[in-house]
Amino acid sequence: MLELRPHHLGLSVPNLEESIAWYERTLGFALEKTLYLGAIPARVAFLRRGEFRLELFEVPGAKPLPEERKTPHADLKTHGTKHLAFAVEDVEAAVRELEGRGVEVVMRARIEGGPMAFIRDNAGNLLELVQVSSF
C-alpha cells in the first residue's frame, strides 16, 4: 500500500496577517515562510506546528465563506472539504483554554462516547477538537 502522511491543509482567508497572528497566538503555529504566487495571484503563508503545516492564501476579490460553511452539520450540505480536526488530550480543558483566548466555540458534543468540540478561526473556518486517549 502507498504510504501517506499528512503534510498540510490549504485555507483561503480574507486577511493573511490577521490569520497568521490568530494561528500563532491561538494554536501555537509558527510562521515558516511567506511568498507571492503571481499565477493565481495570491499572497501565501506556510505555518507549521510539529510536522503539520497550514497553507494560508489571501486572494484579491475572493468570495467570503458562506454562512452554512461556518456551522457544524449545515456545512455537510455543500460538497468539499469540511473542517480540520486536531487531536487533544482533554477536549474540555482545551475548550476552556481557547475560550480564555477569545475563541468562539460553536459546538460541544459526544460522538460514540468521546468528547469533541468545534471552534471557528478568525475567518470563520471550522476546526474540530477530538479527544484522543492515546495522545
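How many bridges join S1 to S4, and do the two run parallel or antiparallel? In this predicted model, 5 bridges join the pair, and the strands run parallel.

**S4 and its partners**

- Strand S4 covers residues 52-58, and 7 of its 7 residues are buried, so the rest of the structure largely encloses this strand.
- Phe-52, Leu-54, Leu-56 and Glu-58 point one way from S4, while Arg-53, Glu-55 and Phe-57 point the other way.
- S3 is another partner of S4, and here the two strands run antiparallel, joined by 7 bridges. Within that pairing, Arg-43 has Glu-58 of S4 as its bridge partner.
- S3 and S4 also form a hairpin, with 2 residues between them. Gly-50 sits in the turn and has a positive phi of about 65°.

**The four-stranded open sheet**

- Strands in a sheet pair through backbone hydrogen bonds, in either a parallel or an antiparallel sense.
- This open sheet has 4 strands in the order S5-S8-S7-S6, and its pairing is mixed.
- Which strands stand at the edges? They are S5 (84-88) and S6 (105-111); each has a single partner strand, so one side of each is left without a neighbour in the sheet.
- On average, neighbouring strands of this sheet are turned by 20° against each other, with direction ignored.
- S5 pairs with S8 (residues 126-131) in the parallel sense over 5 bridges, and Ala-85 has Glu-128 of S8 as its bridge partner.
- Helix H1 (residues 16-27) packs on the sheet, where it touches S5, S7 (114-120) and S8. The direction of H1 makes about 15° with that of S8.
- Helix H2 (residues 91-100) lies across S5, S6, S7 and S8, and it runs at about 140° to S8.

- Rolling a probe the size of a water molecule over the atoms shows where empty space is left.
- The largest pocket has a volume of about 510 Å³. Its lining consists of 25 residues, and those nearest the centre are Leu-11, Ser-12, Val-13, Leu-65 and Asn-125.
- S1, S4 and S8 each supply at least two residues of that lining, with S1 giving the most, 4 residues.
- By class, the lining of the largest pocket has 15 nonpolar, 5 polar and 5 charged residues.
- The second largest pocket has a volume of about 340 Å³. Of the 14 residues that line it, Leu-27, Arg-49, Phe-86, Ala-87 and Val-88 are the closest to its centre.
- H1, S5 and H2 are the elements that give two or more residues to the lining of the second largest pocket.
- The classes in this second lining are 9 nonpolar, 1 polar and 4 charged residues.

**Backbone spots to check**

- Most residues other than glycine have a negative phi, and most peptide bonds are trans. The next items depart from that pattern.
- The peptide bond from Ile-40 to Pro-41 is cis, with omega near -15°. Pro-41 is found in the loop between S2 (30-37) and S3 (42-49).
- His-73 is not a glycine, yet it has a positive phi of about 75°. This residue lies in the loop between S4 and S5.
- Is His-73 buried or exposed? At 52% relative accessibility it counts as exposed, because the cut-off for that class is over 50%.
- Glu-112 is also not a glycine and has a positive phi, of about 50°. It is found in the loop between S6 and S7.
- With 85% relative accessibility, Glu-112 counts as exposed too.

Conventions. Residues are numbered from 1 along each chain as its sequence is written. This is a predicted model: local features need pLDDT of at least 70, side-chain atom pairs count only at pLDDT 80 or more; totals for chains, interfaces and linings use all residues. Side-chain values use heavy atoms; hydrogens and water are left out. Two strands pair if DSSP finds at least two bridges between them. Axes are lines fitted to C-alpha atoms, for helices over the stretch in contact, and angles run from 0 to 180 degrees between N-to-C directions. Contact means heavy atoms within 4.5 Å. On a 1 Å grid over the protein atoms alone, a cavity is a set of points where a 1.4 Å probe fits but cannot get out, and a pocket is an open set with protein on both sides within 12 Å along at least five of seven lines; lining residues have an atom within 4 Å of a point. Grid points are joined across faces, edges and corners, and a volume is the space filled by probe spheres set on the points. Ala, Val, Leu, Ile, Met, Phe, Trp, Tyr, Cys and Pro count as nonpolar, Asp, Glu, Lys and Arg as charged, and the others, Gly among them, as polar. Buried means under 20% relative accessible area, exposed over 50%, partly exposed in between (1.4 Å probe, protein chains only).
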